[in-house]
Amino acid sequence: MTNIERRDAQMAYISDNSVFEEQIKCRKILQRLNFMDRADFAGISETVKELLGKSEGAFINPPFYCDYGKHIEVGRNFFANYNCTLLDVAKIKIGDNCQMAPNVAIYTAGHPIYPVTRNSAYEYGKEVTIGDNVWLGGNTVVCPGVHIGNNVVIGAGSVVTKDIPDWSLAAGNPCRVIRQITEADKKKLFRDEEIDEEAWNDIVERMNFDI
């Protein structure tokens, strides 16, 4: 097997010249993205589409970093804020309406723990999947092989080492489920503060919210 085939099969592989060639293509796009006029929203959107391929309504605030781009699959209305890093050695699959706060990092890449084995230059990638309607708070780190369910909120500064089930509010290092998100949270804004009536009525009207 080639190292690209081994990498894509989530097996141990070495970053040889064929792997670097794929990364070079990505870095050229990232160079343009990360040095674009920050006010050129249309240009940024087009470059994001070039980087990720399929991306309906996706927007990324530069700077942004990844290894390949083509291994990142995002759903509709994806948004990543400043300084996000998605190490897409393996596939990163993200659902619809997902948001990432500044400094979020998703790592699929890993190395053996034993030093001599690690020094052999072999590494690996294990895919990460994220469901629909997920919000990752600032400075969240998602580790290789993690699966995050639908309708999840991860608190700022979390390190997600294990799977998180649907409808969870989770936080911490390591990240743990704090509680379930319920109907009682519909009108919540910040902690126990509720959304004001004008904004709430607009939400109900525009989102066809069943209250």
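**Close-up views of a predicted model**

**View 1. The largest nonpolar core.** This core holds 39 residues. Which of its residues touch the most other members? They are F64, I94, M100, I106, I130, L136 and I148. Helices α2 and α3 (41-52) each supply at least two residues of this core. So do the strands β2 (59-60), β3 (64-66), β4 (72-74), β6 (84-87), β7 (92-94) and β12 (128-130). In soluble globular proteins, nonpolar side chains tend to be buried together.

**View 2. An open sheet of five strands.** The strand order is β3-β6-β9-β14-β17. Pairing is parallel. β3 and β17 (159-160) are the edge strands, and each pairs on one side only. Within the sheet, three bridges join β6 to β9 (residues 105-107). For L87, the bridge partner in β9 is Y107.

**View 3. S15 in a loop.** S15 lies between β1 (13-14) and α2 (17-34). Is this residue, S15, buried or exposed? S15 counts as buried because its relative accessibility is 19%, and the cut-off for buried is under 20%. The side chains of S15 and E123 are joined by a polar contact of 2.9 Å. Residues up to four places away in sequence aside, S15 touches F20 and E123.

**View 4. The aromatic pair of F41 and F59.** A search of the whole structure finds one aromatic pair. F41 and F59 form this pair, which is edge-to-face. The centres are 5.8 Å apart, with 70° between the planes. The pair links distant parts of the chain. F41 is in helix α3 and F59 in strand β2, 18 residues apart. F59 has 17% relative accessibility, so F59 counts as buried.

**View 5. R7 over the face of Y68.** R7 lies at 4.5 Å from the ring centre of Y68.

**View 6. The two ends of helix α5.** Which residue caps the N-terminal end of α5 (residues 197-207)? D196 is the cap. A side-chain oxygen of D196 lies 3.2 Å from the backbone nitrogen of E198. N208 follows α5. The phi of N208 is positive, near 50°.

Key. Residues numbered from 1 in each chain as written. Predicted model: local features only at pLDDT ≥ 70, side-chain atom pairs only at ≥ 80, totals over all residues. Heavy atoms only, no water. Helix = DSSP H or I, 4+ residues; strand = E, 2+ residues; numbered from the N terminus. Buried < 20%, exposed > 50% of the residue type's maximum accessible area, 1.4 Å probe, protein only. Polar contact = N/O pair within 3.5 Å; in protein donor to acceptor, adjacent residues only side chain to side chain. Contact = heavy atoms within 4.5 Å. Core = buried A, V, L, I, M, F, W, Y, C linked by side-chain atoms within 4.5 Å. Pairing = 2+ DSSP bridges. Phe/Tyr/Trp six-rings, centres within 6.5 Å; stacked < 30°, edge-to-face > 60°. Lys NZ or Arg CZ within 6 Å of the ring centre and 35° of its normal.
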